[in-house]
Amino acid sequence: MQDLQGKVAFITGAASGMGLGMARAFAAAGMKVMIGDIELAPAQKAADELNSKGLEAACVQVDVTKLESMQAAAEATIGTFGKVHIVSNNAGVAVGGYSESCSMRNWNWVVDVNLWGVVHGLQAFVPLIQAHGEGGHVVSTASMAGMVGLRGAGPYNATKFAVVGMMETFAADHRKHNIGASVLCPGIVATNIGNSARNRPEEYGGAVEPNERDATAEMLSKGLDPDIVGDLVLEAIQAEQLYIFTDPGLKHLVETRCSRIMDAYDWAANCESLAGVEQSGLLP
Ligand SMILES: NC(=O)c1ccc[n+]([C@@H]2O[C@H](COP(=O)([O-])OP(=O)(O)OC[C@H]3O[C@@H](n4cnc5c(N)ncnc54)[C@H](O)[C@@H]3O)[C@@H](O)[C@H]2O)c1
């Protein structure tokens, strides 16, 4: 989508980190921005910051894990700005641990926010983009953890691979509807993701006090400025870029994965079990 002046964007997780970076970049480009977040006070602060610069922004409290909450946020966006063109499914939480031993509450939390949150965003907002026929763009935040398996992050990896797959399919399905698609796959970005549990709802175990001194927070503090990611996402939407990478220096990780997959095809082509078997070579 090239002409963004006056268009309307809805962003989840926009009270902090990369979502806030996107809100700043989108508003500075002349868009009207609805800031959605589970935490209302910082969402309001973000909207106030943009309004104080003469930019158009409003906020709504939304819990992406609940479809009804996302639908209410969609109604609020239409009620405030009339239409919606750009949707950023960005809210996410970090849960570390092995798939076999991560607590089921944490498994449910990371899947509900990182995966169902994106599904709910598509369900609540895409029909509204289709309804006005002016086109639009959906960008969902995955991670480099959606490109390669990261040690000790099984549940998080599972959600982010799912988001990459969903957005690849979405891009193919909606090209004909003039709705673009991107999947943001950041490396390390200096956000508050290391303290995701600061606002974890009771049903997933409740909130945990932020710890500024732990190793993850220390590593994240050296990451990329989230405002640069906001600018990058804006540029990618205008360039119709499907995959958005924040750290080109991590390309070798994907190359290694792809090369292992190619090796596995070569192995399959020569293995005993498939010898002489005729197949169509087609997929739906
Ligand atoms: N920071 C990184 O290094 C990094 C790397 C790769 C991917 N990501 C992804 O980037 C996205 C943005 O995270 P961030 O790094 O900016 O972290 P962040 O913690 O600074 O921002 C995430 C925002 O999501 C909100 N949120 C959490 N649960 C929510 C819910 N149920 N409903 C609505 N909002 C909710 C939080 O309140 C917060 O404002 C996430 O999807 C994350 O997985 C981050």
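Which residues in H1 meet which residues in H7? In this predicted model, local features need pLDDT of at least 70 and side-chain atom pairs count only at pLDDT 80 or more, whereas totals for chains, interfaces and linings use all residues. Residues are numbered from 1 along each chain as its sequence is written.

In H1, Gly17, Met18, Leu20, Gly21, Met22, Arg24, Ala25 and Phe26 meet Pro226, Asp227, Val229, Gly230, Asp231, Val233 and Leu234 in H7, two residues being in contact if their C-beta atoms, placed from the backbone, lie within 7 Å. The residues of this contact of H1 with H7 divide into nine nonpolar, three polar and three charged, where Ala, Val, Leu, Ile, Met, Phe, Trp, Tyr, Cys and Pro count as nonpolar, Asp, Glu, Lys and Arg as charged, and the others, Gly among them, as polar. Helices (H or I, at least four residues) and strands (E, at least two) are DSSP runs, numbered from the N terminus. Two packed helices are described by the angle between their axes and the distance between the axes. The axes of H1 and H7 come within 7 Å and cross at roughly 55 degrees; axes are lines fitted to C-alpha atoms, for helices over the stretch in contact, and angles run from 0 to 180 degrees between N-to-C directions. H1 and H7 are therefore oblique to each other, given that angles under 35 degrees count as roughly parallel, over 145 as roughly antiparallel, 65 to 115 as roughly perpendicular and the rest as oblique. The crossing in which H1 passes H7 is right-handed (a crossing is left-handed if the near helix is turned anticlockwise from the far one by less than a right angle, and right-handed if clockwise).

Within helix H1, Arg24 counts as buried because it has 23 C-beta neighbours inside 10 Å; a residue is buried if 20 or more other C-beta atoms lie within 10 Å of its own, exposed if 12 or fewer, and partly exposed in between, with C-beta atoms placed from the backbone. Not counting residues up to four places away in sequence, Arg24 touches Asp227 and Gly230, and its C-alpha lies 9.5 Å from that of Ala14, 10 residues away in sequence. In helix H7 (residues 226-238), Glu235 is partly exposed, with 13 other C-beta atoms within 10 Å.

The ligand is surrounded by 32 residues, the closest being Gly13, Ser16, Gly17, Gly92 and Thr191, and a residue is near a molecule or strand if its C-beta atom, placed from the backbone, lies within 6 Å of it. By class, this shell has 14 nonpolar, 15 polar and three charged residues.

Two further helix pairs involve H4. Helix H4 (residues 104-132) packs against helix H5 (residues 154-174) at an angle of about 15 degrees, with their axes 9 Å apart, which makes H4 roughly parallel to H5. H4 passes H5 in a right-handed crossing, and the residues of the contact divide into 10 nonpolar, three polar and one charged. Helix H3 (residues 67-81) and H4 pack at an angle of about 30 degrees, with their axes 8 Å apart, so that H3 is likewise roughly parallel to H4. The crossing of H3 and H4 is right-handed. In this contact, Leu67, Met70, Gln71, Ala74 and Ile78 in H3 meet His120, Gly121, Gln123, Ala124, Phe125 and Leu128 in H4, and these residues divide into seven nonpolar, four polar and no charged.Strand S6 (residues 179-185) holds Cys185, which counts as buried because it has 24 C-beta neighbours inside 10 Å. The C-alpha atoms of Cys185 and Phe245 are 5.1 Å apart in space, and the two residues are 60 apart in sequence. In the loop between H5 and S6, Asn178 has a positive phi of about 65 degrees although it is not a glycine. Glu240, in the loop between H7 and strand S7 (243-245), has a positive phi of about 55 degrees and is not a glycine either. Most residues other than glycine have a negative phi.
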